[in-house]
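Trainee: I would like to learn how to read the folds of a protein chain. Can we take one example and go through it together?

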Amino acid sequence: MAKQLNIDPEKTLSGDKLRPSEILIHGYNKQFKDERKYWGDSKLIELLRHMLIVREFETMLHSFKSTGSYRGIDYLYKGPAHLSVGQEAVVVGSAAALAPEDKIFGSHRSHGEIIAKGLSAISNLDKKKLHEIMVNHEDGKLLSLVHDYVKPESGGDAEMFLLTGILAEIFMRDAGFNKGMGGSMHAFFTPFGAYPNNAIVGGSSGIAVGAALFSHLSQGDGICVANLGDGSTGCGLVWESMNFSAMGQFKTLWSSPFNRNPPILFCFTNNFYAMGGQTSGETMAWDRLSRIGAGLNAEQFHAETVNGSDPLAVADAVSRKREILREGKGPALLDIECYRFSGHSTTDTNAYRSRDEIKAWKLYDPIESFQRKIISEGLLTETAVTELIASVGNQIEAITRVVVDRNLVPAIDIKTNPTIIGDMTFNEESIELTQLADDLLMDPGGSKQQQSIKKKARFGFGKDGSLLSGMRAVTLRDSLSEAILHHLTHDKSLIAYGEECRDWGGAFGVYRGFADVLPNHRLFNAPISEAAIVSTGIGYALAGGRSLIELMYADFIGRAGDEIFNQLAKWQAMSAGELRLPVVLRTSIGSKYGAQHSQDWTSLLAHIPGLRIVYPATPYDAKGLMATALSGNDPTVVFESQRLYDRVEIFVEKGVPESYFRLPFGRAAVRRKGDDVTILTIGPSLYPTLEAVKEMQTHGISAEVLDARTLVPFDYESLINSVNRTGRLLIVSEAVERGSFSNTIATNVMRLAFDKLKAAPIVLGAPNWIAPGADMEDTYAPQEEDIFDSVFGEFFPDKRVNKRGIRSWDFIQLAGQGL
């Protein structure tokens, strides 16, 4: 399909100038009397109280970390505490301008954000809804704890529920909102609109954009806020995410009602320091953080610098940006300048800051400044403020006395249930598909590409026994296409995107013809921003959608390393199983392109807990396993070999079913039975192995061939049963041998089948150096001769069979030793 956007050389090459407009800096100038009229006195007093709660909560944490005691309560807290003392106006002012349905995504310094957002939600939710939230959370266990042990005069049920849940999470207790699996840097509570906080600097940016995209496509009312620090403007993901959120196609290609921008606010809490490095003037190019908006789009992200020492200035700015976002005119960016009086962490001695600087900023302490305003304007007397401070102190003390008691509030019981954390990693859930989506451009069966596939034979051998070409029989590419299109056309919540996914038909043709069937908002081209592709897919899924994302080459996994390793793989477990991440990441393993485009990184991802890893080698498996991946609620990575896209089905005699079907994960396939040696293959190594096995048969060796299909979960049962019969094991993979998953399998087989083994297992992989180009590729990935030589060189040396490959047995041994 040709592009709809024409690039006119006359217009493009004509002379002109870019004319950035002014960016407002500290433009808030409302009179306090007007704010009293808008907010009401009780709400303004509430803002002060909420700031006091945040300050006292963090004072408690600091006291425990520095002295081991708070208000006579002794407790040794071993975890981290990144405090935000001095930033209270930012979080409270922002939360005051947000609705309960708005979602915030924070950073490692987000105690204040979750507290403020929770307190704001409590103030705005009706009592019935609020009660339902508390009763439904963990069957009311946390609410019962509050009722039974927290002093009733300390605060209302909902506030104590919130604060107890947060503190229990920080102290890593079972009563924590996420059972202590998140801890200080990852605490969140979604019913109040506080979504995952992120220990990785800038890590929330793409996730928040993805959640905003879900809100946009589901036509929800809420906005999403990425709460970031000034130091995060040095992170690639942040820039990728900002660009992604403002893609031109939202307005130029997407149809109504989706032809508007996702409602995302990038809220930078600018405290002038990224740990000890100063941002403005030292580590960043900008002088004012808001300046970066001018480089992003014509609207300059509606960027503005705001006084973060004044909660009303912050609330005013967030409120105005929220309206812009709800009108579909975002994204928006706020540079909220404030000062962090506490160190980066509790071990920070502030050696990089002068006492004069800290003293000067003390005059702008947000709480003291707002207290003075409240008193001077007659909303409260000094005595009333003193009583308010005392009341807040009692409130924090009350929840602290309960949570520090390990008998009342224990941690999860790992001794009794050693696998409890592992049980939180995967949910094993799946969805059912019923009817066609109502947003399709045409009947999927009418697509020329799908009609072309239907004309092909479903089995790879013709009636005369000859092998059919990919032009005449269904290929692995076709099988993937059928499974994916079925899901996209039967699941409206599923979106697919990546590099070259729409007009090109996917870089390798899997999505060919899809653009005729699916609207732009369901299948679209993403920027060359691998980190943002993965991160937004995560955010879209955890907000309620389902995402199918693609990285063109497995080698590009490095560009999205954190997003795959620390985000996609971890949030289900870090949420204690609350979150669902139905994300399928497709990526291809290249061929003929050399060192940076031909690497098998299956072992790298198999090493990371929290990811399902699938590597189909046949068309039948590709269709069934992809369907299982797309129907599941666990994050799954599907590796696809470019050398296999045109392979036809030669194992299942009935061929690849035209109808939809699923194959279970964790079940290897026996491709050939044998008695003398077991050969386990991963991915495309199946095919040279089968050729080698034919030759072995002529020398009296009967080999059993198992195709792994999936690495996580892995089918040890079938493998051990085979090895118990044959006593020998060769594992063949195209991954570099050193540190490979094949070695993990070999080690486990040594342990589980030791008494049946006649020889140590052999691992045959790629050598421990770069992948060469096309003309030398056969010297890199294991070939038929290498497999043959490995079996006879180690297992059957008495056969005295001449070596066939260019690799000597000494070479194989050296490669196995990591040389």
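Mentor: We will go through sheets, then helix pairs, then the backbone.

Mentor: This is a predicted model, in which local features need pLDDT of at least 70, side-chain atom pairs count only at pLDDT 80 or more, and totals for chains, interfaces and linings use all residues. Residues are numbered from 1 along each chain as its sequence is written, and side-chain values use heavy atoms, with hydrogens and water left out.

Trainee: How do I read a sheet of seven strands, and what is its order?

Mentor: Begin with the general idea. Strands of a sheet pair through backbone hydrogen bonds, either parallel or antiparallel. Here strands (E, at least two residues) and helices (H or I, at least four residues) are DSSP runs, numbered from the N terminus. Two strands pair if DSSP finds at least two bridges between them. In this structure, the open sheet of seven strands has the order 1-10-11-7-6-4-5, and its pairing is parallel.

Trainee: Which strands stand at the edges?

Mentor: Strand 1 and strand 5 (194-195) do. Each has a single partner strand, so one side of each lacks a neighbour in the sheet.

Trainee: What joins strand 1 to strand 10?

Mentor: Two bridges join strand 1 (residues 24-25) to strand 10 (residues 304-307), and the two run parallel. Ile 25 stands opposite Thr 305 in strand 10. Now step to the next pair. Strand 10 and strand 11 (residues 332-337) pair in the parallel sense over four bridges. There, Asn 307 has Glu 337 in strand 11 as its bridge partner.

Trainee: How does the chain cross from strand 10 to strand 11?

Mentor: The chain goes through helix 13 (residues 311-326), in a right-handed β-α-β crossover. To judge the hand, point the strands away from you: right-handed means that the path from the first strand over the helix to the second runs clockwise.

Trainee: What about strand 4 and strand 6?

Mentor: Strand 4 (residues 103-105) and strand 6 (residues 224-229) pair in the parallel sense over three bridges. Lys 103 stands opposite Cys 224 in strand 6. Helix 9 (residues 204-217) packs on the sheet and touches strand 4, strand 6 and strand 7 (264-270). Contact means heavy atoms within 4.5 Å. The direction of helix 9 makes about 170° with that of strand 6. Axes are lines fitted to C-alpha atoms, for helices over the stretch in contact, and angles run from 0 to 180 degrees between N-to-C directions.

Trainee: Which order does the sheet of five strands have?

Mentor: That open sheet has the order 18-20-19-22-23, with mixed pairing. Strand 18 (669-672) and strand 23 (762-766) are the edge strands, each pairing on one side only. From one strand to the next, the twist averages 25°. Strand 19 (residues 677-681) and strand 22 (residues 729-736) run parallel, joined by four bridges. Thr 681 has Val 732 in strand 22 as its bridge partner.

Trainee: At what angle do helix 3 and helix 15 pack?

Mentor: Learn the angle classes: under 35 degrees is roughly parallel, over 145 roughly antiparallel, 65 to 115 roughly perpendicular, and the rest oblique. Helix 3 (residues 41-67) and helix 15 (residues 366-376) pack at about 155°, with axes 10 Å apart. Helix 3 and helix 15 are therefore roughly antiparallel. Their crossing is left-handed. A crossing is left-handed if the near helix is turned anticlockwise from the far one by less than a right angle, and right-handed if clockwise.

Trainee: Which residues of helix 3 and helix 15 meet?

Mentor: Among them are Leu 44 and Met 51 in helix 3, and Ile 367 and Phe 370 in helix 15. By class, the contact of helix 3 with helix 15 has nine nonpolar, one polar and one charged residues. Ala, Val, Leu, Ile, Met, Phe, Trp, Tyr, Cys and Pro count as nonpolar, Asp, Glu, Lys and Arg as charged, and the others, Gly among them, as polar.

Trainee: Are helix 10 and helix 20 roughly parallel or roughly perpendicular?

Mentor: Helix 10 (residues 236-245) and helix 20 (residues 530-542) pack at about 70°, with axes 8 Å apart. Helix 10 and helix 20 are therefore roughly perpendicular. Their crossing is right-handed.

Trainee: What should I look for in the backbone?

Mentor: Most residues other than glycine have a negative phi, and most peptide bonds are trans. Here the peptide bond from Ser 256 to Pro 257 is cis, with omega near 5°. Another cis bond joins Gly 330 and Pro 331, with omega about 0°. Asp 139 is not a glycine, yet has a positive phi of about 55°.
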